[in-house]
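Hi everyone, thanks for making time. I'd like to walk you through one structure today, so let me put it on the screen.

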Amino acid sequence: MSHNDSIINLLNLKDKNIIFDENFYSEGIVKGVKSKFFHGTLTYRPRACYSCGHVLDDKIIKHGFKTSTIKIPHISGFNAYLKLRKQRYFCKHCNSTFTLKTNIVDRHCFISNNTKLAIALNAKEKISEKDIARNHNVSHSTVNRVIDSFYDLYKPNFNYLPKHLCFDEFKSVKSAAGAMSFIFCDSETGRIVDIVEDRRLHVLKDYFLQYSKAARYSVKTIVIDMYSPYLSLIKDIFPKAKIIIDKFHIIQLFSRALNKTRVEVMNRDKKNYNKLKKYWKLLLKDNTRVDHINYRYHRSFRNQMREIDIINYLLDLDPKLKASYKLYHYVRFCIKNKEFDLLKTALDDNFNIVSDYMKTSIKTIRKYIDYVSNALKYDYNNGVLEGINNKIKVIKRIAFGFRCFYHFRNRILITQSLAKLKTA
Ligand SMILES: [Zn+2]
């Protein structure tokens with residue numbers, strides 16, 4: 001392999017018309033960053049004049065060089081540039097000059113095509129655009145431009161919907177029309193179907209009406225949280241779908257109420273303030289996993305205690321806290337074991353003895369009781385739903401630095417492999 005071919009392969013530049021100089025390498029600073037420079041010359045005999053198209057003859061003559069600095073992918077972690085001297089020609093037929101073209105970079109562009117590809121591939125990873133821009137030492141707007149040009153805009157298939165859906169929402173970019181954006185997934189596979197900027201009812205209605213009637217009527221179940229506009233949306237748009245309240249949200253409703261109850265007691269009982277504050281997690285801990293065996297020294301009690309001793313101490317401080325604790329764990333038990341009748345009875349029987357916060361939760365659950373019953377009837381793999389929640393967390397992390405929903409949505413779909421690289 002010749003010296004020249006070696007450099008071309010090293011830099012992964014697919015243009016054999018580039019000849020590297022004897023001293024092809026130098027170093028320098030670009031925008032405050034130490035960078036590597038490669039020096040080469042682009043020269044070949046063009047077939048014809050670029051302006052008038054006249055076939056090359058002795059009236060089309062060499063006419064100096066034009067040097068451009070082209071950003072190429074990093075080398076061993078360093079910024080790298082190709083200083084390319086491009087041969088110019090003068091055409092006596094039309095009295096104009098032209099510069100030779102190369103396929104490694106688009107015209108009027110100073111970022112090599114393989115750098116753009118590297119940026120586009122980087123966009124599939126779970127990192128923010130700011131970090132992509134930093135990785136390649138280009139501007140944020142270049143990153144957006146490259147992503148937009150490399151990926152086909154994702155459009156869902158409006159003639160198809162998965163049979164089992166899961167609705168969720170997340171805090172969106174600042175410019176989004178509603179404060180919350182809407183995301184929905186296939187609840188069997190966890191695959192995202194689409195993301196809608198605004199979760200408000202009229203927007204979602206218009207959005208879903210784009211889907212064919214056959215697609216909408218084929219949806220059998222939809223998992224939602226307790227956001228009441230979803231109910232009327234589903235009844236209108238997905239008349240055949242059974243509504244399921246997400247189990248995680250049911251438990252969360254009660255765990256929050258229990259927590260508020262604890263805080264209320266804490267603020268009232270100055271003597272036990274620190275204990276109620278410190279051991280909040282123990283009250284929420286799965287009661288089948290509470291330690292009944294091992295004693296450990298706890299400074300706030302100045303004593304050796306088991307976890308169960310601490311829990312009992314705290315619950316004895318207030319009868320409503322105790323009743324709320326018991327109900328919370330019973331709700332968890334019923335949901336885990338799909339005991340709907342037991343759940344319903346427990347909510348009724350305990351209503352008068354629990355805290356006001358717990359009463360509010362019970363009232364909420366009663367409002368949605370049919371859909372809670374569906375939650376225990378239809379078994380949706382919690383792993384998938386959990387996976388979706390984790391995805392949304394990742395999305396929020398990626399969202400760092402996004403101002404525009406359009407780019408934000410595109411990035412989410414790219415990381416989820418829904419928007420595909422354009423095939424050149
Ligand atoms: Zn010409």
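Let's start at the metal: the site of the zinc ion is tetrahedral, with angles of 105 to 116 degrees among its 4 donor atoms. Please keep in mind that this is a predicted model.

Which residues supply the protein donors of the zinc ion? They are Cys49, Cys52, Cys91 and Cys94, each through its SG atom, and they lie 2.3 to 2.4 Å from the ion. Along the sequence, the donor residues follow the spacing C-x2-C-x38-C-x2-C. Take the pair of cysteine 52 and cysteine 94, which links distant parts of the chain, 42 residues apart. Cysteine 52 sits in the loop between strand E2 (33-42) and strand E3 (60-75), while cysteine 94 sits in the loop between strand E4 (78-91) and strand E5 (96-99).

Now let's zoom out to the domains. The protein is divided into domain 1 (3-110), domain 2 (164-245 + 381-415) and domain 3 (247-377). Between domain 2 and domain 3, the C-alpha centres lie 31 Å apart. Their contact takes 12 residues from domain 2 and 12 residues from domain 3.

How much area is buried between domain 2 and domain 3? About 1000 Å², with carbon and sulfur atoms giving 66% of it. On the domain 2 side, Met226, Ile243 and Ile245 lose the most area to domain 3, together 54% of what that side buries. As for salt bridges, the count between domain 2 and domain 3 is 0.

Key: Residues are numbered from 1 along each chain as its sequence is written. This is a predicted model: local features need pLDDT of at least 70, side-chain atom pairs count only at pLDDT 80 or more; totals for chains, interfaces and linings use all residues. Side-chain values use heavy atoms; hydrogens and water are left out. Donors are N, O and S atoms within 2.8 Å of the metal (3.2 Å for Na, K and Ca); water is not among the atoms, so sites may look incomplete. Four donors count as tetrahedral if all angles lie between 85 and 135 degrees; four count as square planar and six as octahedral if opposite donors are over 155 degrees apart and all others between 65 and 115; anything else is irregular. Helices (H or I, at least four residues) and strands (E, at least two) are DSSP runs, numbered from the N terminus. Domain bounds come from an automatic or database domain assignment. Contact means heavy atoms within 4.5 Å. Buried area is the accessible area (1.4 Å probe) that two parts lose on being put together, summed over both. A salt bridge is a side-chain nitrogen of Lys or Arg within 4 Å of a carboxyl oxygen of Asp or Glu.
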